[in-house]
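Here are my notes for you, as numbered points. Please keep the sequence and the model open while you go through them.

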Amino acid sequence: MVKTSKLILIFWLLAGVLPSLKAQETPLKDYADAHKDRKFCFYPSTLRMINIAKNPDYNELVNGIEKLLVYTLDSAAKAGQSYKGLITSYKKIGFEEYVTMAGGKTNFILYGKENKDENQYVGVMKSKDAMYAFYLRGRIGWQKIPALMQSFQADDMINIFDLNKQKSGKRPQNK
């Protein structure tokens with residue numbers, strides 16, 4: 001009887017916590033579903049798979065990531081400023097501005113919400129050619145990224161954004 005009571009208590013605690021965690025992803029998912037060209041979902045194992053050079057620093061960096069959602073956004077999102085409403089939604093649920101870079105060929109916005117149990121981040125990157133939105137849940141050493149980027153060679157990573165974009169399912173023919 002005591003064991004059953006504990007199990008029920010744990011279930012109710014999880015039932016109360018899990019919807020709030022999923023709710024943090026909701027503003028981005030709602031926005032991106034209306035504006036996405038492509039969607040990618042990564043976990044530590046899939047992030048390590050794109051590291052074909054097997055760089056141990058990169059693998060250590062991604063181990064703390066629980067989930068990473070990346071959306072390539074359509075031309076309407078890129079042309080307009082509608083993503084600013086998305087950022088406002090995250091501000092309202094307690095996310096703080098971490099980085100805003102504007103100018104040149106790339107604009108980047110990163111907001112985060114950190115606590116002892118879980119860290120969450122949302123961001124938008126707009127370049128001349130594309131626009132991306134992402135949601136990351138987990139722990140990541142942001143300060144390590146610049147040095148890691150400097151150490152990469154051209155073919156160390158698989159560029160997931162250059163994968164075959166054909167929607168027909170046909171494979172390109174080798175010539």
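**Notes on the sheet and its cover**

1. Strands here are DSSP runs of E with at least two residues, helices are runs of H or I with at least four, and both are numbered from the N terminus.

2. A word on the source: this is a predicted model, in which local features need pLDDT of at least 70 and side-chain atom pairs count only at pLDDT 80 or more, while totals for chains, interfaces and linings use all residues. Residues are numbered from 1 along each chain as its sequence is written, and side-chain values use heavy atoms, with hydrogens and water left out.

3. Strand 5 (residues 119–127) and strand 6 (residues 131–138) are antiparallel and share 7 bridges; two strands count as paired if DSSP finds at least two bridges between them. With 3 residues between them, they form a hairpin. Strand 2 (residues 65–73) also runs antiparallel to strand 6, joined by 7 bridges, and Thr72 stands opposite Tyr132 there.

4. What is the order of the strands in the open sheet? The 6 strands are arranged 1-2-6-5-4-3, with antiparallel pairing. Strand 1 (36–42) and strand 3 (96–101) are at the edges with a single partner strand each, so one side of each has no neighbour in the sheet.

5. Strand 6 is mostly covered, with 8 of its 8 residues buried (under 20% relative accessible area, with a 1.4 Å probe and protein chains only). Met131, Ala133, Tyr135 and Arg137 point one way, and Tyr132, Phe134, Leu136 and Gly138 the other. In general, side chains in a regular strand alternate between the two faces of the sheet.

6. Do look at helix 5 (residues 83–92), which lies across strand 4 (106–114), strand 5 and strand 6, at about 165 degrees to strand 5. Such angles run from 0 to 180 degrees between N-to-C directions, with axes fitted to C-alpha atoms, for helices over the stretch in contact (heavy atoms within 4.5 Å). Tyr83, Leu86, Ile87 and Tyr90 are buried in helix 5. Seen down its axis, the buried residues of helix 5 fall within an arc of 95 degrees, so they line one face; the arc is taken from the directions from the helix axis to the C-beta atoms. Just after helix 5, Gly94 has a positive phi of about 100 degrees.

Conventions: Buried < 20%, exposed > 50% of the residue type's maximum accessible area, 1.4 Å probe, protein only.
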